[in-house]
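I opened this structure for the first time today. These are my notes on what I looked up.

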Amino acid sequence: MRVEVDYDQCESNALCMGAAPEVFEVRDDDFLYLLTEEPAEELHDKVRQAERLCPKRAITVTD
């Protein structure tokens, strides 16, 4: 699995961080950071949930 974020679309609302804090982090500067582009297999369900929750569809997950 590979995760990409379209930072031009991202609003840093942290819904993805709530679903997969091991992969997404909104820091004090109010910007989203992708902690890993290739999350471990045990995180795949969480990452897919984060992709679904993103209101701007800024997260793309590919296998």
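The entries below go from ground rules to strands, loops, rings and the cavity.

**Ground rules.** I am working with a predicted model, where local features need pLDDT of at least 70, side-chain atom pairs count only at pLDDT 80 or more, and totals for chains, interfaces and linings use all residues. Residues are numbered from 1 along each chain as its sequence is written, and side-chain values use heavy atoms, with hydrogens and water left out.

**Strands β1 and β4.** I took helices (H or I, at least four residues) and strands (E, at least two) as DSSP runs, numbered from the N terminus. Strands pair if DSSP finds at least two bridges between them. I found β1 (residues 2-5) paired with β4 in the antiparallel sense, over 4 bridges. Arg2 has Thr62 of β4 as its bridge partner. For Glu4, the partner in β4 is Thr60.

Next I checked which way the side chains point. For burial I used relative accessible area: buried is under 20%, exposed is over 50%, and partly exposed is in between (1.4 Å probe, protein chains only). Along β1 the side chains alternate.

**Val5 and Glu37.** I looked up Val5 again, in strand β1. Val5 counts as buried because its relative accessibility is 13%. How far apart are Val5 and Glu37 in sequence and in space? They are 32 residues apart in sequence and 9.3 Å apart in space, C-alpha to C-alpha. Glu37 sits in the loop between β3 (32-34) and α2. At a relative accessible area of 40%, Glu37 is partly exposed.

**Positive phi.** I noted Ser12, with a positive phi of about 55° although it is not a glycine. Ser12 lies in the loop between β1 and α1 (15-19). Is Ser12 buried or exposed? Ser12 is buried, with a relative accessible area of 19%. Arg57 is not a glycine either, and its phi is positive, near 55°. I located Arg57 in the loop between α2 (44-53) and β4. Arg57 is exposed, at 57% relative accessible area.

**Rings.** I counted 0 aromatic pairs. The rule pairs rings of Phe, Tyr and Trp (its six-membered ring) if their centres lie within 6.5 Å; planes under 30 degrees apart count as stacked, over 60 as edge-to-face and the rest as tilted. I did find Arg27 over the face of Tyr33, 3.9 Å from the ring centre. That call needs NZ of Lys or CZ of Arg within 6 Å of the ring centre and within 35 degrees of the ring normal.

**Cavity.** I found 1 cavity of 30 Å³ or more. A cavity is a set of points on a 1 Å grid over the protein atoms alone where a 1.4 Å probe fits but cannot get out; lining residues have an atom within 4 Å of a point. The largest cavity has a volume of about 90 Å³. Its lining includes Ser12, Leu32 and Ile59.

Technical notes. On a 1 Å grid over the protein atoms alone, a cavity is a set of points where a 1.4 Å probe fits but cannot get out, and a pocket is an open set with protein on both sides within 12 Å along at least five of seven lines; lining residues have an atom within 4 Å of a point. Grid points are joined across faces, edges and corners, and a volume is the space filled by probe spheres set on the points.
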